[in-house]
Amino acid sequence: EDAIAVMTKLGLRSCELWQAHVEPRQMSRAELRRWRETAPLDHFHRIRDQFAKAQIALSAYNISIKDDFSDQEIDRSFDMTTALGAPAITSSSNIKTVARIAPVAARRKMMVAMHNHSRIDPNEFATAKSLTDAMAESRYIATNLDIGHFTATNEDAVAFLKQHHARIVTLHLKDRKRDQGPNVEFGAGDTPIAEVVKLVRDNGWPIPLNIEYEYKGRDSADEVAKCLAYCR
């Protein structure tokens, strides 16, 4: 409720909803698994209705389908997304999990976009190759490109966007320094935010642009307003 109120105040009309705003907190892994497998879908319908009333469109449901997800948890992630009225899943997943996600995504005919971080690890999405390899497994596997993390790993977000825009479901906008540098205020880092925003605008690509506020500021609403003003 608080997030919707602030987004309305700032004039934001699009949201990629993160699972932590939806799921109960302070549960053990076993309890959370049971909740995901059994939670009434009316819970998600009510959240959908709250966003609809505020005239905020949900571009995706961000739920991190990891290696420790049961098959039922994976399947229910699609049920939750459908109940929210969101068209796609974005996921800070593991590379190994793609083989389990892809057939479910194909059966449900819903895109699942892999979210990259900057941690270089054989089972984590970070490099351009890790994302393109995943997309090669299925036409229902896509990318949720975080241009800040991508820059921190010294990858080229502009080049990746130009080449793979048709397979990018959403973009995360944040500013980071290269060489695994920190999150900083928009415009203070090495991330090509302006170039990315202009590319999407000028080409008319239907890719939602999501401000991801991660640097250390003071008041969250004030800082997101500054990020929005920078993008505009």
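Axes are lines fitted to C-alpha atoms, for helices over the stretch in contact, and angles run from 0 to 180 degrees between N-to-C directions. Helices (H or I, at least four residues) and strands (E, at least two) are DSSP runs, numbered from the N terminus. The model is predicted, so local features need pLDDT of at least 70 and side-chain atom pairs count only at pLDDT 80 or more, while totals for chains, interfaces and linings use all residues. Residues are numbered from 1 along each chain as its sequence is written, and side-chain values use heavy atoms, with hydrogens and water left out.

Helix α2 (residues 29-38) and helix α4 (residues 71-84) have axes that come within 8 Å and cross at roughly 50 degrees. That angle makes α2 oblique to α4, since angles under 35 degrees count as roughly parallel, over 145 as roughly antiparallel, 65 to 115 as roughly perpendicular and the rest as oblique. The crossing of α2 and α4 is left-handed; the term applies if the near helix is turned anticlockwise from the far one by less than a right angle, and right-handed if clockwise. In contact (heavy atoms within 4.5 Å) are R29, R33, W35, R36, E37 and T38 of α2 with Q72, E73, R76 and M80 of α4. These residues divide into two nonpolar, two polar and six charged, where Ala, Val, Leu, Ile, Met, Phe, Trp, Tyr, Cys and Pro count as nonpolar, Asp, Glu, Lys and Arg as charged, and the others, Gly among them, as polar.

Helix α4 also packs with α3, at an angle of about 35 degrees and with the axes 7 Å apart. This crossing is right-handed. Here F44, H45, I47 and R48 in α3 meet M80, A83 and L84 in α4, a contact of five nonpolar residues, one polar and one charged.

Among the elements giving two or more residues are α1 (2-10) and α3 (42-53).
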